[in-house]
Amino acid sequence: MNRVDVVPVVPETPALPPALARLTDLAYNLRWTWHHQAVDLFRRLDAAGWEATGHNPVRLLAAVAVERLEAAAAYPAYRADLDRAACDLDTHLAAADTWFARAYPDRRPDAPPTAYFSLEFGLAECLPIFSGGLGVLAGDHLKSASDLGVPLVGVGLLYREGYFRQAVDAAGRQRERYERADFAALPLRLERGPDGAPLTVEVALPGSPVVAQVWRAQVGRVALYLLDADLPVNRAAERAITARLYGGDQETRIRQEILLGLGGVRALAALGLGPGVCHMNEGHAAFLGLERARRLMLDRVLTFAEALDVTRPGLVFTTHTPVPAGHDYFPPALMARYFAAYAADLGVPLRDLLALGRKDPADDKEYFCMTTLALRLAGHSNGVSALHGEVSRQMWRDLWPDRAEADVPIGHVTNGVHLPTWVAPALADLYARHLGQGWRGDAAAWAHADRLPDADLWRHREQARAGMVAVARERLAAQLARRRARRAEVAAAAEVLDPRALTIGFARRFATYKRATLLLSDPARLARLLNDPARPVQVLFAGKAHPRDEGGKALIERIAALAARDEFRGKIVFLDDYDTALARELVRGVDLWLNTPERPHEASGTSGMKAAANGVLNLSTLDGWWAEAWAAAAGGAPIGWAIGDGTTDPDPARQAAHDAAALYDTLEREVIPTFYDRDAAGLPRAWLARVKASLAAVCPVYNTDRMVRQYVEKYEGRTTDGA
């Protein structure tokens, strides 16, 4: 722990009536993000305020009118609900009979936890330190670790401006804006040392060291430690390290990754939490392997090579993308500038250190790759679906030239989603009534998905769609108002979409390989599909392109151009500023989740899992997790639809044309007729049969409880004895 001249920020605790004091406990533990009763307590205080604060209970409690607080305190039913929610949180935190305790009864209570390092964590809309699927997966990982009682902590960075807010103009051009966060108004607390001073760590950089203080976000039982370099003691360049997620140039990126890897390990040491197993979520954190080795060299008087061998069993690496742009590469000169002194400290030539990040260790001109470094340092590496494991072994086989491709030591742990976060509360109640109260943690319960009454399931689906349409209209009106559209155009937003029509959803990061506009390939054919008066169809799009991804931005412009045409007006809608709040509405409210990546570039994908858990059917190319789920369900009841048969053409244009034709054919011949084929009771029996088959196949497997258990059982269920 370092004593430096920092200006501590003390989160303000609102003055609440004594009867409501436990609201503070609920607000500062992010378990409320998957505990619907807690969210309901905040919303009941001030529904408009809850929305206006971006679903931030800390800011809400500081801003809500005193009269509202006093009224809630005087209302017996509200106090009773608060007591139940607070007791539920207490029970969760104190529970001893967890999955982990049962699976590992001999583990020492003082054994170090697994440390899960990630450059982004998606936990709540009010904590914008994530950009998309990678971060949301990391957040879901922490939530399931808490539910399962896994001794785990998260390590990341706390960005002052987070990820960008998106605005799309009338021409479909994406504009980015950044908002500075007030950490004192977020569900965060500063970590402090025994003397009460903020806990800080220091990392040497060329020209000047960077000092970072440590904040904690409590996620149920799991602590997430976030490093913040926006301190007066630092120069402007160092303060900018934690300014924006994925902002800045290549030098900013290497500085962020140095702070995450080296600074993160030092923060754990200052907290007295290390060393234990370290899990690198993508290659961004790979420098932590060097720092663990350095610390072990000091503790045990080992050489660098010996320290790497000792630490390797306690390092787990998860790679998330087969797309080259998803892997960080740094030029030799940049690496030399940042690691020459560090290599000297390790007692190794800089050339030897840089060789760890090169496919050809002897090529001094080769760029340094963070994924290569992670694969070389980790004792266990994995992709995030079965297909991605195969692709990764092919991509990185050159690192093991003496092995056959099948023997390359990269396995797979297929991603999942945190069901309590993503399943709609009303649907969760329906599951509890017919599958049992423990449905989310009981894989066997899903075998009885056919017990769900068709009428009840369909009623929920119709209500969810209608609710989503209402939200979409509201957001579209606000979107148009922000861009100063004509009053008549803003008013017309209240009429877009049909709450009874088959609704297709496409929402994700707008990268070119995801082919967001595949459905728009044949506008004339699409117009006939969407405008059939007897069987109408509509499409909702949402998603952000990286600020420097011009190809991704062009996809948004293409959608906007078609949506403005008369034949598509009100039938194709793009909602801007995609966030997890909108994601929840879409995965719960659409009927069909569309996923069109160019195989095999989708490592896993999790949005379709969220949709499936809500009774939404998937229509997807056979890539990522869907290829795995589709193969597992082969021969049984259909669980949705596949685009194509999984074969690939070396010509991307021919492949896209083939996939587009298959997509249109499947919609025309199967999806639309199945949705609109109703019996005398008005129920689409064949559609609902697929929904139930999808629930039975997807929910017990593609969830983060299974995923976290698998990581623990395969890689983390042991400690490294101080390594």
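Helices here are DSSP runs of H or I with at least four residues, strands are E runs of at least two, and both are numbered from the N terminus. With that in place, helix α18 is followed by Gly-436, whose phi is positive, near 105°. The model is a predicted one, so local features need pLDDT of at least 70 and side-chain atom pairs count only at pLDDT 80 or more, while totals for chains, interfaces and linings use all residues. Residue numbers run from 1 along each chain as its sequence is written, and side-chain values use heavy atoms, with hydrogens and water left out.

On to the overall picture. The protein has 28 helices and 20 strands, and its C-alpha trace spans about 80 × 70 × 55 Å along the principal axes. Some 59% of the 723 residues count as buried, meaning under 20% relative accessible area with a 1.4 Å probe and protein chains only.

Aromatic rings come next. Rings of Phe, Tyr and Trp (its six-membered ring) pair if their centres lie within 6.5 Å; planes under 30 degrees apart count as stacked, over 60 as edge-to-face and the rest as tilted. By this rule there are 27 aromatic pairs. One of them, Phe-339 with Tyr-342, is edge-to-face, at 5.8 Å centre to centre and 85° between the planes. These two residues sit three apart in helix α13 (residues 332-346), so about one helical turn separates them, and both are buried. Phe-506 and Phe-541 make a tilted pair, with 5.8 Å between centres and 50° between planes. Phe-506 belongs to strand β15 (residues 502-507) and Phe-541 to strand β16 (residues 537-542), so this pair ties together parts 35 residues apart in sequence. Phe-506 is buried at 1% relative accessibility, and Phe-541 is buried too, with a relative accessible area of 1%. Ring pairs also link Trp-458, Trp-641, Phe-675, Tyr-676 and Trp-687 into a cluster.

Conventions:
Buried < 20%, exposed > 50% of the residue type's maximum accessible area, 1.4 Å probe, protein only.
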